[in-house]
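Please keep the sequence and the model open while reading.

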Amino acid sequence: MRSILTALTVAGLTLTVGTSPATGATPAGKLVSYSGYQVTVPAAWPVIDLAKDPTACVRFDRPAVYLGRSTAQPNCPADAAADRAAGLVIAPLDSPAAGSIAKDGDIQVEVKEAGVLVTAFHSPALEQTVRNVLATGTLASGRKATTTTARTASSTAAAASLVTPGTLKGQAFDACTAPSQATMDAWRSAAPRPFEAVGIYISGARRLCAQPNLTPSWVQANAANGWKFLPLDVGKQAPCSNYSSRMSYDPATARAEGRAAAVGAAQAAGALGIGPRSTIYSDIESYTTTIACRAAVLSYVSGWTNELNTRGYLAGVYTSIGTGGADLKWGYNDARYTRPDSLWFAWYNGKADVEAGTWLDPGQWVNHERVHQYRDSHDETHGGATVNIDSNFVDLTVPPAAVRGFDATGGYTQATLRWTAPPAGDLGQVIVRRNTGTTPPATPANGTAVYAGTGTSATVTGLSSGTTYTFRSWVKDKSGKVGPPADTRLVGTRTTIAISPASLTMGGATTITGRATRIDTGAALAGVPLNLYRRQKGTTAWQLIKTTTTNASGVASYVHKPVWSQDYQWGPNGSADTLGSRSASIAVGVRPVVTASVTKTTMPLGSALLLYGSVSPAHPGQAVYLQRWVGGKWNHVTVGKLTTKSTYMFTIKPTVRGTYAYRVAKPGDVDHLTTTSPMRTFKVT
């Protein structure tokens with residue numbers, strides 16, 4: 001296994017056979033013909049006819065042209081390591097494996113007139129070479145023929161329901177290419193039965209061997225016959241390794257590369273019918289580590305693990321115990337990294353067990369989470385069929401199933417979570433944790449604790465308005481094994497508010513307008529109930545005064561006649577998808593109504609009159625000020641207090657003839673603005 005490494009580049013192709021290459025010259029060489037299709041390839045490329053040599057191994061590390069297909073057991077090495085070369089595989093278009101050879105960026109096209117499928121394998125540096133070769137292709141008649149991008153295995157994917165390897169304590173083997181069905185049957189029926197599981201290379205840009213047998217029907221048939229599978233992805237290698245396709249030294253980039261590899265591996269597994277709760281292993285070959293290299297590898301593994309877990313799969317790593325294993329041991333409890341769920345380590349000590357000696361610390365991957373590759377490349381024959389394999393001992397148990405129907409309903413600063421737990425027989429507890437934002441906690445040790453128990457719901461309080469929260473749940477069985485997660489999210493909302501006018505005299509009206517949007521996309525929350533709250537100045541309690549449905553723009557408005565100075569807030573209460581929010585508070589100032597009357601408008605000098613009135617709403621006992629207009633401004637004359645009925649009365653006795661102007665001022669307080677009465681005038685004769 002340590003050498004099952006290849007390099008691919010993502011590329012699709014639609015071209016017209018017989019046209020000139022896009023760049024570069026048509027390569028000189030020899031003409032190869034197959035089933036009415038012909039192509040010029042470099043003279044140094046050997047041509048291997050699989051009909052004449054049915055046990056030939058289709059290898060991607062050597063330049064060659066492979067013709068046809070074979071159902072025989074190929075003679076492939078278990079541990080041939082090399083970077084990818086350039087070459088072609090030309091097979092019948094109706095091949096059962098027509099969609100299974102090209103993955104992870106091989107160029108694969110159909111030539112329907114000739115009934116052939118052409119797969120061009122290459123390293124990134126040799127992509128243009130194979131494109132130039134493909135561009136020389138014609139039909140044997142000399143006619144041009146249009147080729148189209150070939151279908152892939154995912155187009156005929158089986159239902160992804162197989163959980164593998166599940167629970168197993170016993171022997172497993174891995175080989176460069178999935179064995180033929182005849183070999184699988186022969187080995188399964190051999191007595192004593194040598195193996196219970198087989199490692200299969202389902203994806204990755206560095207797989208060395210073609211996989212003509214690895215189809216959904218092959219997986220289904222062998223699963224039905226009792227075989228278990230250890231799926232592997234062979235992707236980018238450590239940046240300090242000697243391979244050409246390497247991880248980035250930048251930890252953030254390496255983490256993203258690990259996630260990308262996990263996406264491809266999960267898709268490949270699903271296409272083969274291998275479903276969630278299965279473990280998929282990333283094959284990271286031996287390397288000489290450094291501090292920077294270790295950080296890159298652990299970051300890549302973190303991205304790999306996080307993405308597979310998000311998709312419901314468990315994440316494993318295959319590596320040498322003394323290199324990658326040492327780095328994983330070092331980072332086991334480092335909170336910066338997410339450790340894989342399972343470790344498949346190569347240590348060729350010949351012992352069929354999962355003991356790691358001092359290579360791992362006590363407590364690391366000990367809960368049935370190890371696979372030990374104890375013998376490397378060798379031939380074994382069972383039932384008359386020989387395969388070159390690596391031997392492994394497996395100690396794994398099936399993880400508990402995730403909760404079903406995990407969902408959140410948002411409120412304002414709180415949420416209600418509900419789920420259906422697995423059967424109680426082996427249920428240890430359901431663990432729920434949360435993160436702000438859209439990234440869930442990576443492990444049950446990350447994020448903020450929400451719930452741990454055997455119930456089916458939880459109420460979360462203390463959430464912040466205008467914030468998105470992502471919740472992740474895990475099921476832990478009674479042995480302590482944690483299964484794949486289930487996620488749910490509440491998107492934060494944002495509410496704005498405007499008011500007009502911002503001040504008025506009691507009896508007047510103001511219009512309060514609110515708009516609610518999602519914080520992730522900025523989209524309007526249309527057709528949702530929007531609540532309007534008020535709080536009288538000087539108090540702390542908010543009161544709901546109106547619930548209005550938003551329009552298509554997420555807007556609601558309401559006309560209100562406040563008696564007191566008020567603060568207002570708009571906000572949705574939340575839903576099955578969103579968390580409630582509140583707008584900023586906005587104030588409207590209310591001026592009380594002050595009336596004023598005089599008992600006389602004309603009087604002789606030496607007489608007196610009364611200026612009287614009331615303040616509404618009532619402010620008994622508060623001060624009111626009598627003011628006179630003199631010298632172009634209002635001047636303070638005297639002060640009085642409102643009666644229990646909120647009335648006042650001032651006696652005015654002028655000492656000089658003339659025209660007088662007076663008013664009464666009511667100072668502002670906690671719930672009203674400063675205001676004045678109308679001006680009253682009279683004449684003294």
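His368 is partly exposed, with a relative accessible area of 30%, where buried means under 20% relative accessible area, exposed over 50% and partly exposed in between (1.4 Å probe, protein chains only). His368 sits in the loop between strand S17 (342-346) and strand S18 (369-382), and its phi is near 55 degrees, a positive value in a residue other than glycine. Helices (H or I, at least four residues) and strands (E, at least two) are DSSP runs, numbered from the N terminus.

This is a predicted model, in which local features need pLDDT of at least 70 and side-chain atom pairs count only at pLDDT 80 or more, while totals for chains, interfaces and linings use all residues. Residues are numbered from 1 along each chain as its sequence is written, and side-chain values use heavy atoms, with hydrogens and water left out.

Arg277, which is not a glycine, has a positive phi of about 80 degrees; Arg277 belongs to the loop between helix H4 (251-271) and S15 and is partly exposed, at a relative accessible area of 25%.

The peptide bond from Thr164 to Pro165 is cis, with omega near 0 degrees, and Pro165 lies in the loop between strand S11 (148-149) and strand S12 (168-174). Another cis peptide bond joins Ser616 and Pro617, with omega about 0 degrees; Pro617 is placed in the loop between S38 and strand S39 (623-630).

Thr164 and Pro165 are also among the contacts of Thr279, neighbours within four places in sequence being left aside, and the others are Pro231, Leu314, Ala315, Gly316 and Ser342; contact means heavy atoms within 4.5 Å. Thr279 itself is part of strand S15 (residues 279-283) and is buried, with a relative accessible area of 8%.

## Strand pairs and a covered helix

Strand S13 (residues 197-203) and S14 run parallel and are joined by 6 bridges, two strands being paired if DSSP finds at least two bridges between them. Ser203 has Asp233 in S14 as its bridge partner, and of the 6 residues of strand S14 (residues 228-233), 5 are buried. Strands S20 (residues 404-410) and S21 (residues 414-420) instead run antiparallel and share 5 bridges, with Arg404 opposite Thr420 in S21. In this hairpin, which has 3 residues between the strands, Thr413 takes a positive phi near 65 degrees.

Helix H1 (residues 127-134) has 6 of its 8 residues buried, so it is largely enclosed by the rest of the structure. The cover over the buried residues of H1 includes strand S3 (37-42), strand S6 (87-92), strand S7 (107-111) and strand S8 (116-121).

## Overall dimensions

The protein chain contains 6 helices and 44 strands. Its radius of gyration is 40 Å, well over the 26 Å that the globule rule gives for 685 residues, so the chain is more spread out than a compact globule; the radius is taken over C-alpha atoms, and the rule is 2.2 Å times the number of residues to the power 0.38. Along its principal axes, the C-alpha trace spans about 135 × 65 × 45 Å.

Gly606, in the loop between strand S37 (602-603) and strand S38 (609-616), and Ala266 are 340 residues apart in sequence and 103 Å apart in space, C-alpha to C-alpha. Gly606 is partly exposed, with a relative accessible area of 46%, and touches Lys653 and Pro654, not counting residues up to four places away in sequence.
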